[in-house]
Amino acid sequence: MRWGMVINLAKCTRCHACVAACRIEHFLPLGMTWPRLIAWETNVPGEELTTLPVRCNQCKEAPCVEVCPAEATIKRPDGIVYVDNAKCVGCRYCVVVCPYQNRTFFSKDKDTGFFPGYERTRFEKAGHKLYQHVAGTTEKCDFCMERIDAGMEKGLVPGKDREATPACVNTCQARALTFGDLDDPNSEVSRLIKEKNGFQLHAEYGTEPSVYYIDYKLGNNLSNVAPREEQTASHMQHLSTMEARAKEIFGKK
Amino acid sequence: MSPMATRQWMNTHQWMVKPMHQREWIERRGIMIWIAETFTSLGAGLFLVSLFINSWWGLLIGWMIIMFIKLPIHLAYFGKPWRFYMTMPPWSNAWKTSWFARGILFSVLFGMFGFVQLVFGQPDLVRIIGSQICNPIYYTFGVIAGLNALGVGIYGGFIMNYVKGIPFWNQGLLPIVIMLAGVADGFGLIMGVALAGGDASIAWAETGSRYLLLVNVLLIVTYMISAGYSSVVAKISINELLKGPSAFMFWGGLIFLGLAVPAAISVYGLIQGIEASSVLLVIAIVAHTIGAFALKYCILKVGIYRPLLPKIAPM
């Protein structure tokens with residue numbers, strides 16, 4: 001069993017819901033972001049804006065696991081790589097060595113609270129009890145392993161049953177994220193990778209990421225520049241109540 | 001530019017979109033890594049050179065640089081410094097795969113064996129106990145401490161060399177460059193020991209320094225040429241060194257002060273057939289040391305990651 005994720009770039013509407021869901025799920029402090037949605041602009045007509053959702057790739061050959069001097073970064077048998085904050089010494093070698101830059105060092109200055117200068121909200125206080133973030137250590141996405149473990153104990157299937165599926169996958173309104181077992185040839189993720197020529201980021205590093213990307217237009221091409229119209233249309237479809245208003249504002253220009 | 005691009009209705013951010021600098025080990029608290037790495041080279045280099053010429057004072061100063069400057073600064077950089085013991089056996093077996101863990105282990109072993117060596121090499125103690133007892137211990141522990149000093153001097157190169165995302169670091173020559181630069185720094189500092197009346201020869205140190213400077217120039221040139229061939233992103237790093245934001249540190253600190261000034265003083269002494277004056281030697285030592293800081297700064301500062309998607313980078 002090896003958990004993995006497939007991200008459909010053409011479906012992603014850059015709504016940042018996955019980022020928000022993760023923040024809520026793990027009570028992430030303000031300066032901490034586990035999944036990111038990177039975006040860039042080009043001057044190519046029709047391809048002006050492109051996004052790429054990224055999170056820890058849970059590499060099969062994870063450099064962060066190899067370099068951690070305290071063995072605080074651990075790879076589980078199911079492929080999930082997580083950080084044991086009780087062991088981490090905060091040397092930040094893992095942050096530097098990650099070729100995808102998906103780790104963040106949680107320094108004290110990032111622990112300002114959601115409203116710096118004010119008392120912490122009840123949500124934050126509750127979160128601190130439920131999910132401790134230790135200043136001076138490194139953090140990263142762990143595929144919501146606590147959800148997976150709890151769900152599997154109940155006999156649920158991660159990727160199919162919401163209760164056992166990562167929060168970002170559950171919340172994605174465009175269904176751009178698919179989660180499942182990469183070792184199972186019949187799983188949805190395996191099928192998508194096979195049918196749509198899923199690719200990994202920088203496969204040449206030999207890290208074997210568990211996060212794959214698919215783009216129905218460009219297939220195995222490493223460029224994932226999706227036409228703006230596709231993204232905008234998809235975005236508007238999901239924000240249908242705003243469609244008329246959006247057309248009114250943007251249509252004129 | 002298209003209306004969509006100019007409208008900026010969404011703030012885009014460039015995280016790993018274009019070649020991106022590593023910042024953890026050079027900016028803000030990361031400056032401590034730069035300083036610690038430089039003192040690693042200075043301390044390990046001085047210890048190894050002193051071991052070669054059997055200079056007790058050189059050994060002592062090299063050992064003190066590692067134990068009282070390099071290690072504390074490195075530990076202070078840690079987010080959880082008091083957990084540093086967890087990087088060593090029996091708490092962790094990471095030394096099997098991690099050069100960072102190996103480096104910490106080398107440093108601790110160096111500290112222990114080097115201490116014993118220094119104690120049994122201390123001239124007054126040798127007079128009291130007798131050289132027949134002291135010498136075997138001094139030399140045995142000296143060999144072990146020397147091997148660990150070699151490890152201390154080279155592990156920083158392997159740490160950076162392992163980072164696949166930064167092509168300028170991911171070069172086979174990097175550990176050698178760092179190690180030999182450290183030994184050259186050791187030659188520079190041993191001149192200081194000799195000047196201060198320590199048990200070292202200025203003439204010998206000058207000769208060693210001369211050859212090492214030549215080797216280092218060749219190594220740095222070879223390194224930059226071969227790195228430039230390896231990747232476009234590495235070429236961006238090199239351009240930053242040659243004519244970019246780090247050019248002042250590269251040309252002024254590393255090339256002029258670190259290499260040209262000590263070389264000129266050394267060649268002057270060679271032509272004159274006499275040792276350079278004390279003033280010139282002090283200038284050479286200071287320039288050498290600034291060069292050591294400049295080298296580490298240059299390497300750390302131009303560590304640039306490949307972007308996540310090659311197509312979108314200016315390649």
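## A loop residue in chain A

A:Phe143 lies in the loop of chain A between strand E7 (137-139) and helix H5 (145-153). Helices (H or I, at least four residues) and strands (E, at least two) are DSSP runs, numbered from the N terminus. The phi of A:Phe143 is positive, about 55°, although the residue is not a glycine. A:Phe143 is buried, because 28 other C-beta atoms lie within 10 Å. A residue counts as buried if 20 or more other C-beta atoms lie within 10 Å of its own, as exposed if 12 or fewer do, and as partly exposed in between, with C-beta atoms placed from the backbone.

This is a predicted model, in which local features need pLDDT of at least 70 and side-chain atom pairs count only at pLDDT 80 or more, while totals for chains, interfaces and linings use all residues. Residues are numbered from 1 along each chain as its sequence is written, and chains are lettered from A and ligands numbered from 1 in the order in which they are written.

## Other backbone exceptions

Most residues other than glycine have a negative phi, and most peptide bonds are trans. A:Gln101, also not a glycine, has a positive phi near 55°. A:Gln101 sits in the loop between helix H3 (93-97) and strand E6 (104-106) of chain A. This residue counts as partly exposed, because it has 19 C-beta neighbours inside 10 Å.

In chain B, the peptide bond from B:Pro89 to B:Pro90 is cis, with omega near 5°. B:Pro90 belongs to the loop between H3 and helix H4 (99-121) of chain B.

## Chain A overall

Chain A contains nine helices and nine strands. Of its 253 residues, 46% count as buried. Among contacts in chain A with a separation of 6 or more, 61% are between residues 24 or more positions apart. Two residues are in contact if their C-beta atoms, placed from the backbone, lie within 7 Å.

## The three-stranded sheet of chain A

Chain A has an open sheet of three strands in the order E8-E1-E9, with mixed pairing. Strand E8 (177-181) and strand E9 (211-214) are at the edges, each with a single partner strand, so one side of each has no neighbour in the sheet. Neighbouring strands are turned by 25° against each other on average, direction ignored. Strands of a sheet pair through backbone hydrogen bonds, either parallel or antiparallel. Two strands are taken as paired if DSSP finds at least two bridges between them. E1(A) and E8(A) are antiparallel and share five bridges, with A:Met5 opposite A:Phe179 in E8(A). Strand E1 (residues 3-8) and E9(A) run parallel and are joined by four bridges; the partner of A:Ile7 in E9(A) is A:Tyr213.

Helix H7 (residues 188-195) of chain A packs on this sheet and touches E1, E8 and E9, its direction making about 115° with that of E8(A). In E8(A), five of five residues are buried. From E9(A), A:Val211 and A:Tyr213 point one way and A:Tyr212 and A:Ile214 the other, and all are buried.

## Helix packing in chain B

Two packed helices are described by the angle between their axes and the distance between the axes. In chain B, helix H6 (residues 131-161) and helix H7 (residues 174-195) pack at about 155°, with axes 8 Å apart. H6(B) is therefore roughly antiparallel to H7(B). Axes are lines fitted to C-alpha atoms, for helices over the stretch in contact, and angles run from 0 to 180 degrees between N-to-C directions. Angles under 35 degrees count as roughly parallel, over 145 as roughly antiparallel, 65 to 115 as roughly perpendicular and the rest as oblique.

Residues of H6(B) in this contact include B:Gly153, B:Ile154 and B:Phe158, and those of H7(B) include B:Leu174, B:Pro175 and B:Gly182. By class, the contact has eight nonpolar, five polar and no charged residues. Here Ala, Val, Leu, Ile, Met, Phe, Trp, Tyr, Cys and Pro count as nonpolar, Asp, Glu, Lys and Arg as charged, and the others, Gly among them, as polar.

## B:Leu71

B:Leu71 is part of helix H3 (residues 56-77) of chain B. B:Leu71 is buried, because 22 other C-beta atoms lie within 10 Å. Leaving aside neighbours within four places in sequence, B:Leu71 is in contact with B:Ile66 and B:Ser107. B:Ile104 is 33 residues from B:Leu71 along the chain, and their C-alpha atoms are separated by 8.7 Å.
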